[in-house]
Amino acid sequence: MHFSALGFDIDHTLGIDNKLERVAFLRLLDAMCNDGAKSLGTLAQESARIDELLERQRSGVCSIDQAVERFAAERGARTPGAWVERYKQMALESMPEFFVAQPDAREVLGELQRRGIACAILSNGWSPLQQEKARQLQFAGPVLVSDTIGAQKPQLEAFAVLAGALKTDPHEIAYVGDNPRGDVAAAISAGMSGIWFDAEDVSYAPELPEPSAVIHRLAELLALL
Ligand SMILES: [Mg+2]
């Protein structure tokens with residue numbers, strides 16, 4: 001495997017956000033109920049519904065704005081659309097408390113920068129939130145978020161935007177992520193190398209193309225250069 005530029009996934013690769021968005025939704029529910037809305041069940045049931053909505057948003061079925069508005073409407077909130085900004089504000093404010101970088105992430109990103117390796121982040125999600133995670137990682141390169149680039153992993157268009165931002169031919173790019181299908185196999189389909197960050201209890205589906213490399217710590221990337 002040869003590469004001269006790197007793309008990174010954020011969530012569960014460079015760091016974890018500890019269910020930040022689920023908690024922001026639950027806090028929003030609390031505020032909504034104080035304003036006359038009605039919860040549809042227990043916290044466990046509401047959490048399951050929230051996770052389902054967030055999953056739909058992350059896989060591109062709906063935007064975060066639509067997810068919040070739908071959640072508010074289902075609970076009889078008076079002006080469902082008005083809760084969107086409140087939700088975003090709550091999630092952004094909670095970020096420093098919830099987001100944790102991988103222990104070696106800042107060091108590795110700094111070292112890649114010193115070695116002149118172009119790096120960019122490509123992430124599915126809504127932009128101010130993912131931009132804030134990148135800021136906390138002290139990430140210096142472009143941050144491409146699905147809601148602003150208009151394409152999301154595993155779509156090839158998202159990886160084309162990444163190659164454009166890196167000003168590098170796809171064959172010279174390696175993409176690093178934890179998700180076998182959405183990160184690794186998708187990058188390989190886009191003509192890049194796909195490096196699987198195997199750091200959680202995820203199994204690699206045998207029908208997917210084999211990863212170009214497997215790492216268990218981000219620092220192992222430096223040995224691949
Ligand atoms: Mg991920």
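Reader: Into which domains is the protein divided?

Author: This is a predicted model, in which local features need pLDDT of at least 70, side-chain atom pairs count only at pLDDT 80 or more, and totals for chains, interfaces and linings use all residues. Residues are numbered from 1 along each chain as its sequence is written, and side-chain values use heavy atoms, with hydrogens and water left out. The domain bounds come from an automatic or database domain assignment. The division is into domain 1 (5-16 + 100-224) and domain 2 (20-98).

Reader: How much area do domain 1 and domain 2 bury between them?

Author: The size of an interface is often given as the accessible area lost when the parts come together. Buried area here is the accessible area (1.4 Å probe) that two parts lose on being put together, summed over both. Carbon and sulfur atoms carry 65% of the area buried between domain 1 and domain 2, and the total is about 930 Å².

Reader: Which residues of domain 1 lose the most area to domain 2?

Author: Three residues together account for 55% of what the side of domain 1 buries. They are Trp126, Leu129 and Gln152.

Reader: How many residue pairs are in polar contact across the interface of domain 1 and domain 2?

Author: A salt bridge requires a side-chain nitrogen of Lys or Arg within 4 Å of a carboxyl oxygen of Asp or Glu, and the count between the two domains is 0. A polar contact is a pair of N or O atoms within 3.5 Å; within protein, one must be able to donate a hydrogen and the other to accept it, and residues adjacent in sequence count only if both atoms are side-chain atoms. With both residues at pLDDT 80 or more, the number of such pairs across the interface is 2.

Reader: Is Gln152 buried or exposed?

Author: Leaving aside neighbours within four places in sequence, its contacts (heavy atoms within 4.5 Å) include Gln57, Arg58, Ser59 and Gly60. Buried means under 20% relative accessible area, exposed over 50%, and partly exposed in between (1.4 Å probe, protein chains only). Because its relative accessible area is 12%, Gln152 is buried.
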